[in-house]
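Here is a short report for a reader new to this structure. Please look over the sequence and the model before reading on.

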Amino acid sequence: MATRSASFEALILRSKEVPSGARVATLLSADDGVVEAFVFGGGKSKLRSLASPWHYGRAWIYRDAAKGLVKLTDFDPEREFAAVRGSLEAIAAASFASELMLATSALGGDWPDALELTAAALAAFDEAAASGERGLLGRALSLFVLRALDAMGLGPDSGECRSCAGAMGGDAIHSYSRRSGGFVCARCAGREPDAIPLPQGAVAWLGAAARRPFAEAVRVGLADEAARALKACALDLAEKAAETPLRTLKSGLL
Ligand SMILES: [Zn+2]
């Protein structure tokens with residue numbers, strides 16, 4: 001069949017103007033992965049505003065294989081994460097989440113988890129923006145990256161030193177190695193001047209967060225110094241997983 005229509009749950013990752021003046025929305029869906037679709041209509045069109053970045057809802061898609069055309073015909077946003085758009089830091093975090101999903105082809109094909117994780121991160125960014133709680137945004141950002149890496153099998157091993165392969169209990173993790181993208185023991189960290197020391201609180205937080213669903217895990221408190229170390233480690237891991245510098249990390253807002 002040359003043409004068909006479909007409808008599915010999706011999150012709008014991005015919406016951008018193409019040279020022809022039309023707009024292309026990039027959707028993340030559990031069933032079809034990343035889908036790029038034309039959104040026709042002028043700047044004030046209702047569909048354009050319904051299909052704004054980070055809206056989550058039901059999308060209706062029309063595909064014409066003969067013309068190579070994928071068109072978004074309707075979008076019903078169930079969750080708009082409206083507070084995100086009112087905070088530069090939350091916009092930066094949400095843009096980063098979108099870019100990481102695109103750079104990893106939605107976690108390498110694990111689409112349902114990619115959709116669920118990104119929506120959970122956006123809910124936390126939204127809550128942080130609405131309440132002004134900066135710590136929540138940072139924890140959500142770090143947890144989003146670490147869960148994304150775990151889903152791709154790229155999460156750092158907390159059981160052994162990446163450098164010397166010596167066994168480490170959770171309390172023996174000393175630093176994060178930018179060079180190897182893993183956790184290292186005190187002895188190996190001493191040989192790497194740019195390793196990021198991980199305070200004990202950061203290591204304890206990782207353990208506590210791992211046992212909880214995302215929405216609960218981001219509420220586990222974390223001291224400022226530990227939160228900064230964990231975020232630096234998460235953002236470095238994100239660039240390694242993406243295998244390319246991430247544009248959204250250049251803003252300096254995260
Ligand atoms: Zn070591």
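Which residue in strand 2 is the bridge partner of lysine 16? The partner is valine 24.

## About the model

This is a predicted model, where local features need pLDDT of at least 70, side-chain atom pairs count only at pLDDT 80 or more, and totals for chains, interfaces and linings use all residues. Residues are numbered from 1 along each chain as its sequence is written.

## Overall build

The chain has nine helices and eight strands. Both are DSSP runs numbered from the N terminus: helices are H or I with at least four residues, strands are E with at least two. Along the principal axes, the C-alpha atoms fill a box of roughly 60 × 40 × 30 Å.

The radius of gyration, taken over C-alpha atoms, is compared with a globule rule of 2.2 Å times the number of residues to the power 0.38. For 254 residues, a compact globule would come near 18 Å; the chain has 20 Å, which agrees.

Of the 254 residues, 37% count as buried. A residue is buried if 20 or more other C-beta atoms lie within 10 Å of its own, exposed if 12 or fewer, and partly exposed in between; C-beta atoms are placed from the backbone. Two residues are in contact if their C-beta atoms, placed from the backbone, lie within 7 Å. Among contacts with a separation of 6 or more, 60% come from residues 24 or more positions apart.

Strands of a sheet pair through backbone hydrogen bonds, either parallel or antiparallel. Here two strands count as paired if DSSP finds at least two bridges between them.

Strand 1 (residues 3–17) and strand 2 run antiparallel, joined by seven bridges. The two form a hairpin with five residues between them. In that turn, glycine 21 has a positive phi of about 95°.

Strand 2 (residues 23–29) is mostly covered, with five of its seven residues buried. Seven bridges also join strand 2 to strand 3 (residues 33–39), again antiparallel. This hairpin passes through three residues. Arginine 23 has valine 39 in strand 3 as its bridge partner.

## The 7-6-8 sheet

Three strands make an open sheet in the order 7-6-8, with antiparallel pairing. Strand 7 (182–184) and strand 8 (196–197) stand at the edges, each with a single partner strand, so one side of each has no neighbour in the sheet. Two bridges join strand 6 (residues 175–177) to strand 8. Tyrosine 176 has isoleucine 196 in strand 8 as its bridge partner.

## The nonpolar core

A nonpolar core is a set of buried Ala, Val, Leu, Ile, Met, Phe, Trp, Tyr and Cys residues joined through C-beta atoms within 7 Å. The largest one has 73 residues, and Leu27, Phe125 and Ala140 touch the most other members. Domain 1 (3–79) and domain 2 (82–249) both give residues to this core, so it lies between them. The domain bounds come from an automatic or database domain assignment.

What does alanine 140 touch, not counting residues up to four places away in sequence? The list is Ala121, Ala124, Phe125, Ala128 and Val218.

## Two positive phi angles

Tryptophan 54 is not a glycine, yet has a positive phi of about 75°. Tryptophan 54 lies in the loop between helix 1 (46–50) and strand 4 (56–64). This residue is buried, with 27 other C-beta atoms within 10 Å.

Alanine 106, also not a glycine, has a positive phi of about 55°. Alanine 106 is found in helix 3 (residues 105–109). With 26 C-beta neighbours inside 10 Å, alanine 106 counts as buried.
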